[in-house]
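Q: I have a protein chain on my screen, and I would like to learn how to read its features one at a time. Could you take me through them?

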Amino acid sequence: MGNRQSTFTDEQLEKYQDCTFFTRKEILTAYVKFCELANISGRQALRQGHDQAMSLKIDAATIRKSDALRENPFVMRICQVFSTTGLPGYLSFNNYLNMMSVLSDRAPASLKAAYAFRIFDYNDSNFIEDDDLKKALKDLLRGVDELGSREVTVIVNEIMKEADLDDDKKLSYMEFEHAILKSPNFLQYVLALIYVFSIY
C-alpha cells in the first residue's frame with residue numbers, strides 16, 4: 001500500500017487515526033475492504049481520488065456480506081445507527097470506519113454500550129421499551145418464529161424486571177449501561193431465557 005495510495009493525504013489519515021482506534025495501515029485496509037464490498041478492487045480503490053472515495057456508499061445488504069458482520073443478527077439495525085448518509089442503512093466510508101472502530105476490541109466498553117443502546121432503541125425514543133426488546137429478540141432469532149408471543153412477553157418482562165431500576169416500564173441509557181457494564185452475567189441471563197423458551 002505504502003506510497004502508491006493516492007486516495008488520502010497524510011493529514012487525512014492522521015485525522016482518521018485521531019478519530020478511531022486504528023493505525024494508518026488498518027485504516028487503509030478498512031478502506032480496501034469497504035471498496036471490495038462495492039466490487040472495486042484493492043488496487044483500484046487506492047488509486048481513486050478522495051472525492052470519488054467519499055461519494056461511495058454501500059447498503060446494509062452488502063455490509064452483511066462482510067466477514068466482520070456476516071453472522072451478526074443486528075447488522076441491519078447497526079447500519080441504520082451508523083449511517084449519516086441521508087439514505088437509511090447506507091454507509092459511506094466514514095460511517096463504515098466509525099462502525100468498525102466501535103466494534104473493534106480496542107474500543108472502550110462505555111463507547112460500545114452507548115452504541116448498543118442506540119442499536120436496541122429501534123424507535124429512536126432514547127429509551128428501550130417493550131417493543132424495542134421484542135424487535136431485538138426477533139432479530140436475535142433472525143425472524144424465526146420459535147418463540148410464541150407469550151414466551152416473548154415473558155422474556156421481555158424478565159429483562160425489564162432485572163434492568164428497569166425505576167419501574168417506569170422502559171430502560172434509560174443509565175439503566176441499560178448498568179445492566180450491561182455492571183452485570184456481566186446479564187447477557188448470559190437473557191440468552192438463557194431465550195434458550196429455555198426455544199426448547200419447549
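A: Let us begin with a definition: a disulfide is a pair of cysteine sulfur atoms within 2.5 Å. Please keep in mind throughout that this is a predicted model.

Q: How many disulfides does the count come to by this rule?
A: The count comes to 0 disulfides.

Q: What elements is the chain built from, and in which order do they run?
A: The chain has 12 helices and 2 strands, and from the N terminus on the elements run α-α-α-α-β-α-α-β-α-α-α-α-α-α. Of its 200 residues, 41% count as buried. If you look at contacts with a separation of 6 or more, residues 24 or more positions apart account for 57% of them.

Q: Where do the nonpolar side chains gather, and which residues have the most contacts inside the largest core?
A: The general idea is that in soluble globular proteins nonpolar side chains tend to be buried together. In this model the largest nonpolar core has 38 residues, and those with the most contacts inside it are Tyr31, Ile63, Phe82, Phe93, Tyr96 and Met99. The elements that give two or more residues to this core are helix 1, helix 2, helix 3, helix 5, helix 6, helix 7 and helix 8, with the largest share, 8 residues, coming from helix 2. Apart from this core lies another one of 15 residues, among them Ile128, Leu141, Val152 and Ile159.

Q: Which residues does Met99 touch, leaving out those up to four places away in sequence?
A: Met99 touches Ile63, Leu69, Ile78, Phe82 and Leu91.

Q: How should I read helix 2, and which of its residues are buried?
A: An α-helix has 3.6 residues a turn, so residues three or four places apart point the same way. Helix 2 has 14 residues and reaches 20 Å from its first C-alpha to its last, which is close to the 20 Å expected at 1.5 Å a residue. The buried residues of helix 2 are Ile27, Leu28, Ala30, Tyr31, Val32, Phe34, Cys35 and Leu37. Helix 2 is followed by Asn39, whose phi is positive, near 65°.

Q: How many salt bridges does the count come to, and how do I read one?
A: Side chains of opposite charge can pair when their charged atoms come close. The count for this model comes to 6 salt bridges. In one of them Glu11 pairs with Lys15, the closest N and O atoms being 3.7 Å apart; because Glu11 and Lys15 are 4 residues apart in helix 1, they are separated by about one helical turn. Glu11 is exposed, and Lys15 is exposed as well.

Q: What distance, N to O, goes with the salt bridge between Asp124 and Arg77?
A: The side chains of Asp124 and Arg77 meet at 3.0 Å, N to O. Asp124 lies in the loop between helix 8 and helix 9 whereas Arg77 lies in helix 6, so the pair ties together parts that are 47 residues apart in sequence. Asp124 counts as exposed at 55% relative accessibility, while Arg77 is buried, with a relative accessible area of 5%.

How values were computed: Residues numbered from 1 in each chain as written. Predicted model: local features only at pLDDT ≥ 70, side-chain atom pairs only at ≥ 80, totals over all residues. Heavy atoms only, no water. Salt bridge = Lys/Arg side-chain N within 4 Å of Asp/Glu carboxyl O. Buried < 20%, exposed > 50% of the residue type's maximum accessible area, 1.4 Å probe, protein only. Core = buried A, V, L, I, M, F, W, Y, C linked by side-chain atoms within 4.5 Å. Contact = heavy atoms within 4.5 Å. Expected span 1.5 Å × (residues − 1).
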